[in-house]
Amino acid sequence: MTYRAGIIGTGGIAGMGILGMHDESQIGKAKVRASHAGGYDETEDIELVAVADVDETKLDRFGEAWDIPEAGRYIGHEAMLANEDLDVVSVCTPSYLHADHVIDAARSAADPDVIWCEKPIASAVSDAEEMVAVCDETDTELVVNHSFRFTDKLRRLRDHLVEDGLLGDVRSVATQFRMELMRNSTHLLDTLVYLLDARADRVAGYINGENEAVDSLDAAAEVDDAGGGGFVVMDDDTFVTVDCTIPREISSMTLQFIGTEGKLYMNNDDGEWRYWRLEDGEHVETDLPGIDGAWTWDEDYRNAFPNAARHIEAMLRGDAENPSTGEEATRSLEIIVALYVSEYTGGQVSVPLERPLRDVEITSW
């Protein structure tokens, strides 16, 4: 059986390259594998048949690159959703548009079984909650593209931490990644809640107001997204520090876990994972069981998109469950919103956010 896919938004993550990950001279001109279209291209049974964008020039450029017939190119997502019968829809638009596009797709005549939405899930927690509720009502699986979850190494590491208790009770985590919080650090925070299988309880934040993407993206719109950090107390009492203030060129994505039975150091930018087992009061370094080498951007990140598309293919067949749900994606978003609220109120913020705070919108691309 061949499944039919459509994409809303024809920018970088849809299939045309993103700054910082691909050759700048090719961005917007040549198709790239680390993308939604690239993921579909790696499957056996999913065919990308339709794309939509409000920018006709970008739409045609994408259509030519990915061999989408002119009849499958739509100006505006409404037209695509009204005229196509789709099994899966990718939402690759800026995050402040995710809620509208996911809800429209879930309720549309296209009637997709799966919606594959880019990260972060939304700009406001209330929007994320509505997206989840509508997808539940329409029996649509909402898969959020926190792409680290689709890498074999991270899935095996989570099994070690959550199922096997590799570190015992995790007491402290120190994390660091590049700015900005919504655009980039959602990866870090989703990895945190994924590996801990926990949710934030209290947050105290700092926002530095810096956004290095403004110039590099030549963005016309002003957005709230910026570098920041703070501390988070999780609902399992793990204490977490977050530093996402660093420019891309000098950053490394690091997480350091301290548990009652060991410690773990992860540096994804430099491809270094180290694990120490606690024996008789001494930390003894040893290999992570069943994991060959460390996670890297060049290998694991680029393979994440084909992995995700193949997993969605299995979901459509009924052979797999959703590994990156909207409910779980909301856990990282509510930390980011709480960091902002804390900065502007000067106090700690409790999670789940109270109703008015769930409506706070943090705009990004």
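**Surface and overall size**

I began with the accessible surface of the chain, which comes to about 15,300 Å². Of that surface, 41% belongs to carbon and sulfur atoms. Areas here come from the Shrake-Rupley method with a 1.4 Å probe; for residues, only the protein chains shown count as cover.

I noted the ground rules next: this is a predicted model, where local features need pLDDT of at least 70, side-chain atom pairs count only at pLDDT 80 or more, and totals for chains, interfaces and linings use all residues. Residues are numbered from 1 along each chain as its sequence is written, and side-chain values use heavy atoms, with hydrogens and water left out.

I looked up the secondary structure and found 12 helices and 15 strands. Both are DSSP runs numbered from the N terminus: helices are H or I with at least four residues, strands E with at least two. The radius of gyration is 20 Å, close to the 21 Å of the globule rule for 365 residues, so the chain is as compact as a globular protein of that length. That radius is taken over C-alpha atoms, and the rule is 2.2 Å times the number of residues to the power 0.38. Along the principal axes, the C-alpha atoms fill a box of roughly 65 × 45 × 45 Å.

**Burial and cysteines**

I then checked burial: buried residues make up 57% of the 365 in the chain. Buried means under 20% relative accessible area, exposed over 50%, partly exposed in between (1.4 Å probe, protein chains only).

I searched for disulfides (cysteine sulfur pairs within 2.5 Å) and found 0. C117 is buried, at 0% relative accessible area. C244 also counts as buried, at 0%.

**The six-strand sheet**

I traced an open sheet of 6 strands, in the order β3-β2-β1-β4-β5-β6, with parallel pairing. Strands pair if DSSP finds at least two bridges between them. β3 (73-75) and β6 (141-145) stand at the edges with a single partner strand each, so one side of each has no neighbour in the sheet. Neighbouring strands are turned by 20° against each other on average, direction ignored. Axes are lines fitted to C-alpha atoms, for helices over the stretch in contact; angles run from 0 to 180 degrees between N-to-C directions.

I followed β1 (residues 3-8) to β4 (residues 88-91): they pair in the parallel sense over 4 bridges. A5 stands opposite V88 in β4. Helix α3 (residues 56-65) packs on this sheet, touching β1, β2 (46-53) and β3. Contact means heavy atoms within 4.5 Å. The direction of α3 makes about 170° with that of β3.
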